[in-house]
Amino acid sequence: MATISRIMDSAVGYGTPGDTAPGDTVPEATAPGNTIAPPPAASPGADYNPDRPNPDRPNPWVEVLVDCPQIQGLFTYAIPPHLPVAIGDILTVPFGHQQLGAIAIALPSAPPPDLPPSQIKTVIDIVNPGFFPRHYWDLLRQVAQYYCTPIMAVIRTALPPGLLGRSQRRIRLNAPAIPPDAEVFLRPAALQLLQLLRQSKTGEYSWRYLQQQMPTAQRGLPDLLQRGWVSSYLEPPNPPRPKQQKAVTLVRQPDPTEPLTERQRQLLASLGRSGGDLWLSHLLQQCHASSSIVTTLAKKGFVVIQERENLRSEAEHPLDRDQPKALSPHQAAALAYIQGLTQAQTVLLHGVTGSGKTEVYLQAIAPVLQRGQSALVLVPEIGLTPQLTDRFRQRFGSQVCVYHSALSDGERYDTWRQMLQGDPQVVIGTRSAVFAPLPHLGLVILDEEHDSSFKQSQPQPCYHARTVAQWRSQLAPCPLILGSATPALETWHQAFSDPREGHPPPSHYLSLPSRIYDRPQPQIRVIDMRQEFHCGNRSIFSRSLRNALETLRETGQQGLLFVPRRGHSTFVSCRSCGEALDCPHCDVSLSHHQPHGGARSLLRCHYCHYASVQPEQCPHCGSPYLKFFGSGTQRVTQELERHLPDLRWIRFDSDTTRTKGAHRALLTQFAQGEADILVGTQMLTKGIDLPQVTLVGVMAADGLFHLPDFRAGEQACQTLLQVAGRAGRGAEPGQVILQTYKPDHEVIAAVVRQGYGDYLAQELAQRSPLHYPPYSQLVLLRISSLEADRTAQVAEALGQFLTSRLPESVLLLGPAPAPILRVARRFRWHLLLKLCDPSLGLDWFPALELQQRCGPGVALTIDVDPLSLS
């Protein structure tokens, strides 16, 4: 890794970086199959031993990464004698006039020779000890290198939220020191600042707030500070802390002759029946007692009350334990191969919907736990975790924990620390769980590996969980299972590629070609909506779909209705002038949402979340004739109430699942037969297993085809096959009714014959001459700012700069406006790099220089291997 210029103490007010700084340059990208080199030494004599330092060692030092976006590199601090700092600790350190979060990276035997000891600041405190397991630094560094992102941005993504933070400067009023005639002595700026502080109920404000309210605050503050009428102090960061709770422990049973009240004896007896140890709150609730009784018993020596840590976790639901199920021959063959793996190898488990992939996962994990190792299971959506977590807890009980963004900060913090203990466990989570700190990792599974939710598009790092999982597999080392009924084209190509062609190491292909118990695949019927229109049917339901829906209640069966969009209507347009109602902050139309309870309709932007009340007249011409176009989930449910009022329905989309636990609650209601129809968006396609569903209706398949992306056909085929696979998973056969205006589309044909492999072969043949992935690597540069001209100018300048740096096998497309030029008031331009030789890598890519050339107010996001070009 190249050496960067040192940032001297005079520039930042403390410390010095080491000779190298991870993330400041774009180092050599490491292929998933290669051995990763250890992190570079920050200075001569750096000690990367994770053991705790010897407290007798004189002048201990630590080199840290500080949580400051503007500053890169390692900085040296002194360790006070009472703090046993170790590699991987989260620290609080002084940084100029602030206190910042930092991570201990190295323990050098001496500070850099050119740094005077008098200039080295001292570590303030250990916020959290040991938040890096073995090899974790290697993983984070590889993510930073491959995705062209500063290492600190990767660390903030990987760690639980709130662990790294910065202090906040606050200004406090010192009222007793202010004389009655203070206004006479003050200049206007100081007087205005004093009056503003007096308006605070607490007598203080943050310095940032004061500067926002009063542009001249900087001129007035010194006068007040010099007189002692205000004081300035730093409010330290407030990261998550362990949750402490009082516990009661029984230390001796009472003698019958001892003077105790009947209530005291009842409480001691209840405590004894519970094993002699309970949380105080549980004991008081169980005995309907007050805390004074327990305090009295503690004074008499019968119990001990002490503070203990109580791990916060997602609420668990009582479940019956189950046993491993008998496997089909294909399942047994796949399991035997997986269990025979002892080193890092990628396995593609291609199983049709309903083929029993989850049972293979469960039986593959069992021996991993028996060996004292852990398993990591990644799913694309939070909505999948309740069902999958229940399946796993029925098999493995309390060894299963979940980790995803819907948990509270405290729950994520405690789950992280629980994983660090190294006990054998199964961690189920979404994309961010790929960074779960499991010290003894024995197996990694990506379920529905094709799903685009595994890719983060913003903020940086724009990582793909599948790629990071491959690196984790190599580091552990352990097998990686990629499971899907519709594998991503890149995964499919890798499974059948020739390693001599320069591609990544091929994965082993395992097939589950049939459903369990030899249940048939659902019958797929394509309905030409053009013919429905010619026959006079103006409804959003075809006659075939309506008839199928009417029979559900009679047969006691259930159905799913898949709608590509949420809301009521895709857009609202004026019949008089033809103008659509657009978002004021984005170059997209507003979607119409119908609220409940008789409230007025809302228009919402699905990009920046802007919302406004539906106007009664066109804002362009004043006409009252506004027309709704397109159908979302709300419109479909309204049409169900209108045409099929006897059918009960539940809407399952991001609008109805915003609250914590909503996914589980809605799916449980449906599974218990409280509704006949589940109406939802693409959330319905992601691994939901509902055996009672016999009918799937696709309302508007055409909306999936016409997207400005070369992956549109592949993703449409995946979506339609996945949603079709929800039907007929139980004892009754299923049927799929697919409504479209293009029944002869190649994707529709592939879905009907369920020939996914043949469709991918056609896609590969089309992409090869055009040098699209997997025959090339893409890097998308997104430039954005609040000024249209400034954004275009920077994009043009970056394009000219890159043109002079491009290797021969790299093509530059653009600069060009993004497909949606403006989102959330920011104008966006794109530059697309196409590496026609995927083995070239990004050693030449000047990521840091590009960032520096953007200038203030212009943001640059580097998306390596983008899945969306919009």
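In what order do the seven strands of the open sheet with parallel pairing stand? In this predicted model, the order is β14-β15-β13-β16-β17-β12-β18.

## The protein as a whole

The secondary structure of this predicted model comes to 24 helices and 33 strands. Of the 870 residues in the protein, 53% are buried. When contacts between residues at least 6 apart in sequence are considered, 75% of them join residues at least 24 apart.

## The parallel sheet of seven strands

The seven-stranded sheet is open and its strands pair in the parallel sense. Its edges are taken by β14 (400-403) and β18 (508-512), and because each of these has a single partner strand, one side of each is left without a neighbour in the sheet. From one strand to the next, the twist averages 20 degrees.

Within this sheet, strand β12 (residues 346-351) runs parallel to strand β17 (residues 480-484), and the two are joined by five bridges. In this pairing, Val347 stands opposite Ile481 in β17. Helix α10 (residues 329-339) lies across β12, β17 and β18, and its direction makes an angle of about 155 degrees with β18.

## The antiparallel sheet of five strands

Another open sheet has five strands with antiparallel pairing, arranged in the order β2-β1-β4-β3-β5. Here β2 (74-78) and β5 (125-128) stand at the edges with a single partner strand each, so that one side of each has no neighbour in the sheet. The twist in this sheet averages 50 degrees from one strand to the next.

Ile90 stands opposite Asn128 in β5.

## Helices α2 and α3

Helix α2 (residues 136-146) packs against helix α3 (residues 151-158) at an angle of about 120 degrees, and their axes are 9 Å apart. Because of that angle, α2 counts as oblique to α3, and the crossing in which α2 passes α3 is right-handed.

On the α2 side, the contact is made by Tyr136, Trp137, Leu140, Arg141, Val143 and Ala144, while α3 contributes Ile151, Val154, Ile155 and Ala158.

## Gln387 in helix α12

Gln387 is placed in helix α12 (residues 385-396). Is this residue buried, exposed or partly exposed? Its relative accessibility is 25%, and Gln387 therefore counts as partly exposed, since the range for that class lies between under 20% for buried and over 50% for exposed. Although Gln387 and Leu690 are 303 residues apart along the chain, their C-alpha atoms are separated by 9.9 Å.

## Helix α24 and its two sides

Which residues of helix α24 (residues 847-854) are buried? They are Ala847, Leu850 and Cys854. Seen down the axis of α24, these buried residues fall within an arc of 60 degrees, and they therefore line one face of the helix. Gln852 and Arg853, by contrast, are exposed on the other side of α24.

The elements that cover the buried residues of α24 include β30 (777-785), α23 (788-803) and β33 (859-864). Just after α24 comes Gly855, which takes a positive phi of about 80 degrees.

Note on methods: Residues numbered from 1 in each chain as written. Predicted model: local features only at pLDDT ≥ 70, side-chain atom pairs only at ≥ 80, totals over all residues. Heavy atoms only, no water. Buried < 20%, exposed > 50% of the residue type's maximum accessible area, 1.4 Å probe, protein only. Helix = DSSP H or I, 4+ residues; strand = E, 2+ residues; numbered from the N terminus. Arc of directions from axis to C-beta. Contact = heavy atoms within 4.5 Å. Pairing = 2+ DSSP bridges. Axes fitted to C-alpha atoms, helices over the stretch in contact; angles between N-to-C directions. Parallel < 35°, antiparallel > 145°, perpendicular 65-115°, else oblique. Left-handed = near helix turned anticlockwise from the far one by under 90°.
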